[in-house]
Amino acid sequence: MELLQLDYFRTVARLEHMTEAAGVLHVTQSSLSKTIRLLEEDLGVSLFDRSGRKLRLNEFGRSFLTRVERALFELEEGKREIVDLTSADYGTLALAVNTAYMLPDILHRFRKIRPHVQFHVQQLRTHEMETRAKKGEIDFCLSSPPVQGSEFVCDIVFQEQIYAILPTTHRFANRDRVRLSELKEERFVSLKKGYGIRDLMDFYCEKAGFVPQNAYEGDEPATLGLLVQAGLGISFVPESALHFGPKENIAILRIEEPVCKREIGLSRHQSRYLTSVAKEFHQVIIEHFQGMSRNDAR
């Protein structure tokens, strides 16, 4: 059994399509098929159910994939450790976020310390972060809600209140606070299910006795304030994001009964090797949010 076979198997297993996998791996389909067949002969079982060109992992394949991903993960971590030991001033950090508006200040601060470090940042839903972190594709997840579980190490770095934003033509626009239950007849502009702020506020609204009726559901947080401004509906926004959205023709109300809060967490897979760059970045994030907390307390 060779590492190349395992790498090829992992790709085919994830895609369940021989032609697509061959394209990703930059090999011919016939060569890839032969490699998978030799692996199956070595194991003494078929790893896929085949129907024409279609592939589906069978019970043996699913069990073997779990072991293969774990083995390749450890080898890739070993490579990262060696690279870290030989080139500590350089490197790449892979981040997953659903709070991207917070990143510019953090990255600006970190680049003063490590100007040569490269970043790969993805905006993902919480369950996507968890999946990719388990596959060894992400160093840190900066998210609300935090990515947590037995396989993750998580620091709760910040807590903040969530506000309602309304167009200034709204009947509540002259108020400074609102009970959540008073919004049950409203139309909302929101992110899609799977995004932290959406799932959290669905939970709070359910506790307040209603299910939000959405006039808009999207993937881009920056558009929500503009749609509120245009009068399409109202929205929920965390306090730290209020500084980044539109200001004109927008009313901001504190939510009470209940007070709605969210947590921001910095998470990593417990098996992920922490390079010296990653350790410094972790410390920069902790200090950044500590500063935000001190400012809020004033």
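Two strands pair if DSSP finds at least two bridges between them. The views below show a predicted model.

**View 1. Strand β12 and its pairing with strand β6.** Strand β6 (residues 152-167) runs antiparallel to β12, and nine bridges link the two. Strand β12 itself spans residues 261-269, and seven of its nine residues are buried. Within this pairing, Asp155 lies opposite Leu266 of β12.

**View 2. Strand β12 and its pairing with strand β5.** Strand β5 (residues 140-143) is also antiparallel to β12, with three bridges between them. Leu142 has Leu266 in β12 as its bridge partner. Leu266 therefore has a bridge partner in Leu142 and stands opposite Asp155, under a pairing rule based on DSSP bridges.

View 3. Gln122 belongs to strand β4, which covers residues 118-123. Because its relative accessibility is 16%, Gln122 counts as buried; the cut-off for buried is under 20%. The side chains of Gln122 and Arg132 are joined by a polar contact of 2.2 Å. Beyond four places in sequence, the contacts of Gln122 are Leu95, Ala96, Val97 and Arg132.

**View 4. The largest pocket.** The volume of the largest pocket is about 560 Å³. Its lining consists of 28 residues, and those nearest the centre are Tyr101, Pro221, Ala222, Val237 and Ala241. Two or more lining residues come from each of α7 (196-207), α8 (222-229), β10 (235-238) and β11 (250-256). Sorted by class, the lining of the largest pocket comprises 18 nonpolar, seven polar and three charged residues.

Notes:
Residues numbered from 1 in each chain as written. Predicted model: local features only at pLDDT ≥ 70, side-chain atom pairs only at ≥ 80, totals over all residues. Heavy atoms only, no water. Helix = DSSP H or I, 4+ residues; strand = E, 2+ residues; numbered from the N terminus. Buried < 20%, exposed > 50% of the residue type's maximum accessible area, 1.4 Å probe, protein only. Polar contact = N/O pair within 3.5 Å; in protein donor to acceptor, adjacent residues only side chain to side chain. Contact = heavy atoms within 4.5 Å. 1 Å grid on protein atoms, 1.4 Å probe; cavity = no way out; pocket = protein on both sides within 12 Å on 5 of 7 lines; lining within 4 Å. Points joined across faces, edges and corners; volume = space filled by probe spheres on them. Nonpolar A, V, L, I, M, F, W, Y, C, P; charged D, E, K, R; others polar.
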